[in-house]
Amino acid sequence: MAEAIRWPPHWPRVLDARFGAPRPGAYRARAEDFRVEECLGFAPEGQGEHLWLWVEKRDLTTAMVARQLARACEVAPRAVGYAGMKDRVAVTRQWFSVHLPGREAPDDLAARLSEMPLALLEASRHPRKLKRGVHRANRFRLRLTGEALADPELPARWDWLCRHGVPNYFGPQRFGPEGRNLQRAVSVLARGWRKRDDRDGMLLSAARSYLFNTLLAGRIVDGSWATPLPGEVVILDGSSSQFVAETLEASLVERAERLDLHPSGVLWGQGRSVARGEALAREQALAEACPALCAGLERAGVRLARRALRLRLEAPRLEPGEDEAWLSFTLPRGAFATAVLRELVAHPTLSFQSPPRGPEQGAADASTAAVQ
């Protein structure tokens, strides 16, 4: 029998205990209010079989752009690569690659792309296809409006996040409108996951994200989300490097306080966790609370992985104004800007509720893709 999943879930904010609940606000009334720029961390080499394209899109999903590029360059969809999915209701810049061995792109490529709200900004060659997850980070610039701007504690809330970090929740995009991706995942995993049911792994991702968010929520409640537990697997900031903290030495705690390393949570799957002691006990408690989801993911063959419980805001900036405020910050790949926003403003979608209907629906269109 499938497990019953309550929706919306109660995944607490970390700032409520310090400043109270945030006031209502809007964060995406139009695409121009939500800007994202992919940060590769390296540059194409200038030669090779793959043409890399630096593209700006508006009100388009990454998949839509990939299909358009395949048509424009007269190649199969599998010949197009990209590093991460970006939001639809946004203005975003990211790299794509097109496999064009022994030939150039069409002379009128820019004109072919102009049929959509899409601009070609740069082109260069590289020996390899652009693979998912190879980029380093995403840079955000977001416009806030609404009652939240009148909150005298808003600058203090922002400053606290800059100094102490942000809970690394998976955002509402991961779960679909009203959590429908998760509900489908529960049913599919209960009967046995098959590739034909979930070609892109979206349902597996929703299930793992739910388990991770549940674990993180418990660590926020008991105050251990930013401090390593005995036996914790800690992740170095800005890196995939990790190690087990067998004992909590003073130097380790100090490094966590200055955001040099972060506690981690399990992304459920096959394999043995290397966590120990109290940290392992938290993971075992999660398996006891959600046995069907955990067992279903293991049967599906997903490999166990880890994710930091906390985010550090890189180059953060708050620009307050009379009727609006702009936030700028960089997050590592796979992180969600909504994890930052939900600590600052109250909005139905930031509480994982259903999106509002009406003229401001675009402020949180649940059909958008996760920024990765």
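User: In which sense do β10 and β11 pair, and over how many bridges?

Analyst: Quick caveats: this is a predicted model, where local features need pLDDT of at least 70, side-chain atom pairs count only at pLDDT 80 or more, and totals for chains, interfaces and linings use all residues. Residues are numbered from 1 along each chain as its sequence is written, and side-chain values use heavy atoms, leaving out hydrogens and water. Strands (E, at least two residues) and helices (H or I, at least four) are DSSP runs numbered from the N terminus, and two strands pair if DSSP finds at least two bridges between them. Strand β10 takes in residues 261–267, and its pairing with β11 is antiparallel, over 4 bridges.

User: Which residue in β11 is the bridge partner of Leu267?

Analyst: Strands of a sheet pair through backbone hydrogen bonds, either parallel or antiparallel. Here we're back to the antiparallel β10 and β11. On the β11 side, Leu267 is bridged to Ala305.

User: What is the strand order of the open sheet, and which are its edge strands?

Analyst: The open sheet has 4 strands with antiparallel pairing, in the order β9-β8-β10-β11. An edge strand pairs on one side only, and here those are β9 (242–245) and β11 (305–308).

User: Which residue in the turn of the β8 and β9 hairpin has a positive phi?

Analyst: Strand β8 (residues 232–236) runs antiparallel to β9, with 4 bridges joining them. One of the bridge pairs is Ile235 with Gln242 in β9. The hairpin leaves 5 residues between the two strands, and the turn residue with a positive phi, about 70°, is Gly238.

User: Are α5 and α6 roughly parallel or roughly perpendicular?

Analyst: Two packed helices are described by the angle between their axes and the distance between the axes. Axes are lines fitted to C-alpha atoms, for helices over the stretch in contact, with angles from 0 to 180 degrees between N-to-C directions. Helix α5 (residues 180–191) and helix α6 (residues 202–221) pack at about 105°, with axes 8 Å apart. Angles under 35 degrees count as roughly parallel, over 145 as roughly antiparallel, 65 to 115 as roughly perpendicular and the rest as oblique, so α5 and α6 are roughly perpendicular.

User: Which residues in α6 does α5 meet?

Analyst: Contact means heavy atoms within 4.5 Å. From α5, the residues involved are Asn181, Leu182, Arg184, Ala185, Val188 and Leu189, and in α6 they meet Met202, Leu203, Leu204, Ala206, Ala207 and Tyr210.

User: How far apart are the C-alpha atoms of Glu153 and Leu344?

Analyst: Glu153 sits in the loop between β6 (137–144) and α4 (154–164). With 35% relative accessibility, Glu153 counts as partly exposed. Glu153 and Leu344 are 191 residues apart along the chain, and their C-alpha atoms are separated by 9.6 Å.

User: What share of the chain's residues counts as buried?

Analyst: The chain has 10 helices and 14 strands. Its C-alpha atoms fill a box of roughly 60 × 55 × 45 Å along the principal axes. Of its 372 residues, the share counted as buried is 52%.

Methods: Buried < 20%, exposed > 50% of the residue type's maximum accessible area, 1.4 Å probe, protein only.
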